[in-house]
Amino acid sequence: MKLYIFTIICALLPFSHQNPRSHWTLLPHTLVVEVDGSMGQQPLSCLESPEELARRVNKSEDIFWMKNGKKEPQRGNTYLVQLEESLGGGNYTCHNKEGSLLNHTVVLIQEEDHRKILVKTDQEDYLKCSTRNYNGEFHCSWTWHSSRVGKVAFIKARRFSDEGVTQCSVDTSSQRWACSTGESNFSCSVDDNGHSILCVDEQHCPYAEENQKIHITVYLRTKYYLVENYSRRFYLSEIVKPDKVRISKVNNTMIEWSYPSSWSSPFSYFPLIFQIAQLKGRCKRCENPCSNATKTLTVHSPDICQFEVKNKAKAICIRAKDALCNSQWSEWSHFSTD
């Protein structure tokens with residue numbers, strides 16, 4: 001009976017300290033550990049090269065470790081990070097006997113199939129991406145969870161393809177990123193508020209057909225060393241949204257509008273279609289009176305267009321969208337005829 005109990009205990013012991021599902025290097029000195037909620041351990045090495053270890057033979061016990069600035073009881077060249085649920089992340093540093101820094105590793109925890117850092121509505125993606133034109137520049141934003149505001153840890157952008165390796169780098173401020181493959185060259189910057197990024201595909205040709213989708217992945221981390229990644233794939237034609245059109249008055253019965261100055265040219269190659277709504281009544285308390293427009297007229301225009309206003313119309317609303325693809329309408333432009 002005692003032998004039977006001992007056998008069960010020995011069989012269970014390995015599972016009480018399971019290794020994490022996987023781990024990989026996000027950036028130099030930054031390790032991502034994927035966990036599934038069970039207990040486990042992740043080893044860290046202080047001195048990794050054979051030369052360093054040879055110089056310190058029989059002195060490994062002189063190495064001590066600190067986690068987030070606090071001294072740990074573990075000593076030696078190897079440190080075992082204790083993982084339990086989402087705990088274990090932190091800034092781990094190792095020091096020699098005199099206290100000098102020898103190495104450091106930031107451990108980030110990625111939980112299996114969890115999304116806690118960002119929030120979304122039912123109809124939206126976590127990353128909301130749009131572009132004003134076909135010049136290769138696009139913008140992606142997100143909404144932080146109210147209790148888990150964090151920062152960008154890593155950005156990866158490329159034209160989606162099974163071939164080639166994407167190389168990404170970041171500047172010392174951790175605000176500007178560059179990713180390149182043999183087929184694309186992206187540069188991205190993080191806004192000052194940490195709510196969005198602006199990216200440019202510097203090899204994009206606006207006059208050529210997009211054969212491959214853009215694949216953008218943003219890794220976000222919290223101050224508690226949790227990390228999650230969010231991705232989008234799209235053609236620019238799927239996320240394009242023109243800026244507002246410009247409306248001006250010609251005379252008492254005629255108004256005209258023109259393409260947004262940010263829209264790609266020539267307009268004959270990048271045509272827009274327009275929706276026009278004439279409002280008979282005023283809406284003094286409306287934040288956007290054009291949102292109440294029900295009857296609209298759709299027109300095509302190669303450049304500047306004029307429109308005759310009905311006598312009873314108090315205001316004109318006009319918006320635009322790409323004429324060649326099913327993308328988003330611009331915001332309404334509002335013009336009072338009084």
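**Salt bridges and burial: worked exercises**

The side chains of D201 and R159 meet in a salt bridge, 3.0 Å from N to O. This is a predicted model, where local features need pLDDT of at least 70, side-chain atom pairs count only at pLDDT 80 or more, and totals for chains, interfaces and linings use all residues. Residues are numbered from 1 along each chain as its sequence is written, and side-chain values use heavy atoms, with hydrogens and water left out.

**Exercise 1.** Work out which parts of the chain the D201 and R159 pair ties together.

*Solution.* 
- Step 1: recall the rule: a salt bridge is a side-chain nitrogen of Lys or Arg within 4 Å of a carboxyl oxygen of Asp or Glu.
- Step 2: place the residues. D201 sits in strand 15 (residues 196–201) and R159 in strand 11, so the pair ties together parts 42 residues apart in sequence. Strands here are DSSP runs (E, at least two residues), numbered from the N terminus.
- Step 3: check the cover. D201 and R159 are both buried, where buried means under 20% relative accessible area (1.4 Å probe, protein chains only).

**Exercise 2.** Find the network that R159 belongs to.

*Solution.* 
- Step 1: look for another partner. R159 also forms a salt bridge with E210, with the closest N and O atoms 2.8 Å apart.
- Step 2: locate E210. E210 is in the loop between strand 15 and strand 16 (214–221), 51 residues away from R159.
- Step 3: Salt bridges with shared partners join R159, D201 and E210 into one network.

Definitions and conventions: Helices (H or I, at least four residues) and strands (E, at least two) are DSSP runs, numbered from the N terminus. Buried means under 20% relative accessible area, exposed over 50%, partly exposed in between (1.4 Å probe, protein chains only).
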